[in-house]
Amino acid sequence: MGERLRQIRTKIVANGKPLLDEEGIAKELASRRGGLQSCGSWDKFQQVLNKVPDLEPEDYDKLA
């Protein structure tokens with residue numbers, strides 16, 4: 001799966017399209033799931049995300 005994701009990323013970059021950051025990914029997911037339900041949804045998401053520890057993934061979870 002990691003190799004497939006790298007291929008997709010390479011294709012996106014080759015077509016000159018910008019890669020999404022965390023906020024862009026969250027907004028894209030929200031739009032595909034029916035959009036943000038209220039103005040505070042993004043703020044609530046950020047509050048929850050800020051509680052997640054910023055740890056390095058295990059070797060088996062790394063893409064490269």
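Is D59 buried or exposed? D59 is exposed, because its relative accessible area is 64%, where exposed stands for over 50%, buried for under 20% and partly exposed for the range in between (1.4 Å probe, protein chains only). The model is a predicted one, in which local features need pLDDT of at least 70 and side-chain atom pairs count only at pLDDT 80 or more, while totals for chains, interfaces and linings use all residues. Residues are numbered from 1 along each chain as its sequence is written, and side-chain values rest on heavy atoms, with hydrogens and water left out.

D59 takes part in a salt bridge with K62, with 3.5 Å between the closest N and O atoms; the term denotes a side-chain nitrogen of Lys or Arg within 4 Å of a carboxyl oxygen of Asp or Glu. K62 also pairs with E56, and here the closest N and O atoms are 3.6 Å apart. Through shared partners, these salt bridges join E56, D59 and K62 into one network. E56 counts as exposed because its relative accessibility is 63%, whereas K62, at 33%, counts as partly exposed.

The structure holds five salt bridges. One of them links the side chains of E23 and K27, at 2.9 Å from N to O. Both residues belong to helix α2 (residues 22–32), where they stand four residues apart, about one turn of the helix. Helices are DSSP runs of H or I with at least four residues, strands are runs of E with at least two, and both are numbered from the N terminus. E23 counts as partly exposed because its relative accessibility is 36%, and K27 is likewise partly exposed because its relative accessible area is 43%.

The nonpolar surface is considered next. M1, L5, I8, I12, V13, L19 and L63 form a nonpolar patch with about 650 Å² of accessible area together. Patches consist of residues with over 30% relative accessible area and no salt bridge, like charges being joined within 9 Å and nonpolar side chains (Val, Leu, Ile, Met, Phe, Trp, Tyr) within 5 Å. The areas come from the Shrake-Rupley method with a 1.4 Å probe, and for residues only the protein chains shown count as cover.

Rolling a probe the size of a water molecule over the atoms shows where empty space is left. The largest pocket has a volume of about 190 Å³. A pocket is an open set of points on a 1 Å grid over the protein atoms alone, with protein on both sides within 12 Å along at least five of seven lines, and lining residues have an atom within 4 Å of a point. Its volume is the space filled by probe spheres set on the points, which are joined across faces, edges and corners. The lining of the largest pocket is made up of R9, I12, P18, L19, L20 and I25, and these residues divide into five nonpolar, no polar and one charged.

Some separations complete the picture. F45 lies in helix α3 and is partly exposed because its relative accessible area is 36%; its C-alpha atom is 16 Å from that of G34, eleven residues away along the chain. N50 also lies in helix α3 and counts as exposed because its relative accessibility is 62%. N50 and G34 are 16 residues apart in sequence and 24 Å apart in space, C-alpha to C-alpha. Y60 is placed in the segment after α3 (41–51) and counts as exposed because its relative accessibility is 68%. Between Y60 and A30, 30 residues apart in sequence, the C-alpha to C-alpha distance is 28 Å.

Key. On a 1 Å grid over the protein atoms alone, a cavity is a set of points where a 1.4 Å probe fits but cannot get out, and a pocket is an open set with protein on both sides within 12 Å along at least five of seven lines; lining residues have an atom within 4 Å of a point. Ala, Val, Leu, Ile, Met, Phe, Trp, Tyr, Cys and Pro count as nonpolar, Asp, Glu, Lys and Arg as charged, and the others, Gly among them, as polar.
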